[in-house]
Amino acid sequence: QVQVVESGGGLVQAGGSLRLSCVASGSIFNILAMAWFRQAPGKQRELVAHITSGGDTNYTDSVKGRFTISRDNPNNTVYLQMNKLKPEDTAVYYCNGNLHQYGSNWESWGQGTQVTVSS
């Protein structure tokens, strides 16, 4: 019963930047962790960045030093700042929430936002 709406994707050149936003609504009272995922055509969805309710963050190795996840808890909003984008970052990006700080049982998926990086 948690709904998320992602926005901010687009077409950028390699080396450029984008900031993605995710607004959560509905039954969000027990959500602790939020995360960004991405899925490229023909590939499995992967976890990109993760943040706990207290602000502790984790990133997949391929984006460390380039991406930053942050959250605005009062407004139920999560951001993903993406810098020095590479063509391999091209994917549909999704956000989601979890009842645990660290877990694998995520809420319902939204439609995502497309990020395309040209070379």
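In the hairpin of strand 5 and strand 6, which residue takes a positive phi? The residue is G55, with a phi near 100 degrees, and the hairpin has 5 residues between its strands. The analysis concerns a predicted model, in which local features need pLDDT of at least 70 and side-chain atom pairs count only at pLDDT 80 or more, while totals for chains, interfaces and linings use all residues. Residues are numbered from 1 along each chain as its sequence is written, and side-chain values use heavy atoms, with hydrogens and water left out.

Strands were assigned as DSSP runs (E, at least two residues) and numbered from the N terminus, helices being runs of H or I of at least four residues. Two strands were taken to pair if DSSP finds at least two bridges between them. On this basis, an open sheet of 6 strands is present, with the order 2-10-9-4-5-6 and mixed pairing.

A35 has H50 as its bridge partner in strand 5. These two strands form a hairpin with 6 residues between them, and G42 in the turn has a positive phi of about 80 degrees. Strand 5 is also antiparallel to strand 6 (residues 57-59), to which 3 bridges join it. In strand 6, T57 is the bridge partner of I51, and N58 is that of H50.

The whole structure contains 4 salt bridges, a salt bridge being a side-chain nitrogen of Lys or Arg within 4 Å of a carboxyl oxygen of Asp or Glu. R38, E46, R66 and D89 are linked in a network of such contacts. R38 forms a salt bridge with E46, with the closest N and O atoms 2.7 Å apart. Accessibility was classified by relative accessible area as buried (under 20%), exposed (over 50%) or partly exposed (in between), with a 1.4 Å probe and protein chains only. R38 is buried at 6% relative accessibility, whereas E46 is partly exposed at 31%. R38 also meets D89 in a salt bridge with an N to O distance of 2.9 Å. This pair links distant parts of the chain, 51 residues apart: R38 lies in strand 4, and D89 in the loop between strand 8 (77-82) and strand 9 (91-98).

D89 forms a further salt bridge with R66, the closest N and O atoms being 2.8 Å apart. Since R66 lies in the loop between strand 6 and strand 7 (67-72) and D89 in the loop between strand 8 and strand 9, the pair ties together parts that are 23 residues apart in sequence. Both R66 and D89 are buried, the relative accessibility of D89 being 1%. The side chain of D89 additionally reaches the backbone nitrogen of K86 at 2.8 Å. This is a polar contact, defined as a pair of N or O atoms within 3.5 Å; within protein, one must be able to donate a hydrogen and the other to accept it, and residues adjacent in sequence count only if both atoms are side-chain atoms. Leaving aside neighbours within four places in sequence, D89 is in contact (heavy atoms within 4.5 Å) with R38, R66, F67, K84, V115 and V117.

The structure holds 1 disulfide, a disulfide being a pair of cysteine sulfur atoms within 2.5 Å. It is formed by C22 and C95, whose sulfur atoms are 1.7 Å apart. The torsion about the S-S bond of this pair is about 60 degrees, so the disulfide is right-handed. Because C22 lies in strand 3 (residues 18-26) and C95 in strand 9, the pair ties together parts that are 73 residues apart in sequence. C22 is buried, with a relative accessible area of 0%, and C95 is buried, with a value of 0%.
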